[in-house]
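Subject: Structure handover

Hello,

Here is the structure I said I would pass on. My notes follow below it.

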Amino acid sequence: MAFAGLNDADVKAALDGCAAADSFDYKKFFKACGLAAKSADEVKKAFATIDQDNSGFIEEEELKLFLQNFSAGARALTDKETKTFLAAGDSDGDGKIGVDEFASLVKA
């Protein structure tokens, strides 16, 4: 699994909770998988995993594949879910999510 320190059963339950298209809710997901309860350093490690191109930001295409970081067989987010997730996390309006924005999103 990509995220050390997360319980496999919690991750599976979180993924099962958003298996249907347009059912992804980042707040519920972060809480269900246990990421919301992790330390700032662990959240930064999760960010680094999601930031596939190591740009220092999570762009829209990386967000679309967000769930697949938790499980290779997970679905891609729909365009609507991706745009909602990006809008929630992009507090400075630059069209991407930085590490501090991601940490705020996880702890929201």
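What share of the contacts in the protein with a separation of 6 or more comes from residues 24 or more positions apart? Such residues account for 55% of those contacts. Please keep in mind that this is a predicted model.

Overall fold

The protein has six helices and two strands, and from the N terminus on the order is α-α-α-β-α-α-β-α. Its radius of gyration is 12 Å, close to the 13 Å that the globule rule gives for 108 residues, so the protein is as compact as a globular protein of that length. The C-alpha trace spans about 35 × 30 × 25 Å along its principal axes. Buried residues make up 39% of the 108. The exposed surface comes to about 5700 Å², with 52% of it supplied by carbon and sulfur atoms.

Annotated spans

An unreviewed UniProt entry carries the annotation "domain: EF-hand" for residues 38-73 and 77-108. Residues 38-73 are 44% helix and 6% strand, and the end C-alpha atoms of that span lie 24 Å apart. For residues 77-108 the figures are 62% helix and 6% strand, with the end C-alpha atoms 20 Å apart.

The unreviewed entry also has a "binding site" annotation, which covers Asp 51, Asp 53, Ser 55, Phe 57, Glu 62, Asp 90, Asp 92, Asp 94, Lys 96 and Glu 101.

Asp 51 and Glu 62

Asp 51 sits in the loop between helix H3 (40-50) and strand E1 (57-58). Its relative accessibility is 4%, so Asp 51 counts as buried. Not counting residues up to four places away in sequence, Asp 51 touches Gly 56, Phe 57, Ile 58 and Glu 62.

Glu 62 belongs to helix H4 (residues 60-64). With a relative accessible area of 10%, Glu 62 is buried as well. Leaving aside neighbours within four places in sequence, Glu 62 is in contact with Ile 50, Asp 51, Gln 52, Asp 53 and Phe 57.

Salt bridges

The structure holds four salt bridges; I describe three of them here.

One joins the side chains of Lys 12 and Asp 16, at 2.9 Å from N to O. Both residues lie in helix H1 (residues 8-16), four residues apart, or about one turn of the helix. Lys 12 is exposed at 51% relative accessibility, while Asp 16 is partly exposed at 48%.

Another pairs Glu 60 with Lys 83, whose closest N and O atoms are 2.8 Å apart. Because Glu 60 lies in helix H4 and Lys 83 in helix H5 (residues 79-89), this pair ties together parts that are 23 residues apart in sequence. Glu 60 is partly exposed, with a relative accessible area of 33%, and Lys 83 is partly exposed at 49%.

Asp 79 also forms a salt bridge, with Lys 64, the closest N and O atoms being 2.5 Å apart. Asp 79 lies in helix H5 and Lys 64 in helix H4, so this pair ties together parts that are 15 residues apart in sequence.

Regards

Notes: Residues are numbered from 1 along each chain as its sequence is written. This is a predicted model: local features need pLDDT of at least 70, side-chain atom pairs count only at pLDDT 80 or more; totals for chains, interfaces and linings use all residues. Side-chain values use heavy atoms; hydrogens and water are left out. UniProt positions are given in the numbering used here, feature names are shortened, and annotations may be inferred rather than shown by experiment. Contact means heavy atoms within 4.5 Å. The radius of gyration is taken over C-alpha atoms; the globule rule is 2.2 Å times the number of residues to the power 0.38. Buried means under 20% relative accessible area, exposed over 50%, partly exposed in between (1.4 Å probe, protein chains only). Accessible areas come from the Shrake-Rupley method with a 1.4 Å probe; for residues, only the protein chains shown count as cover.
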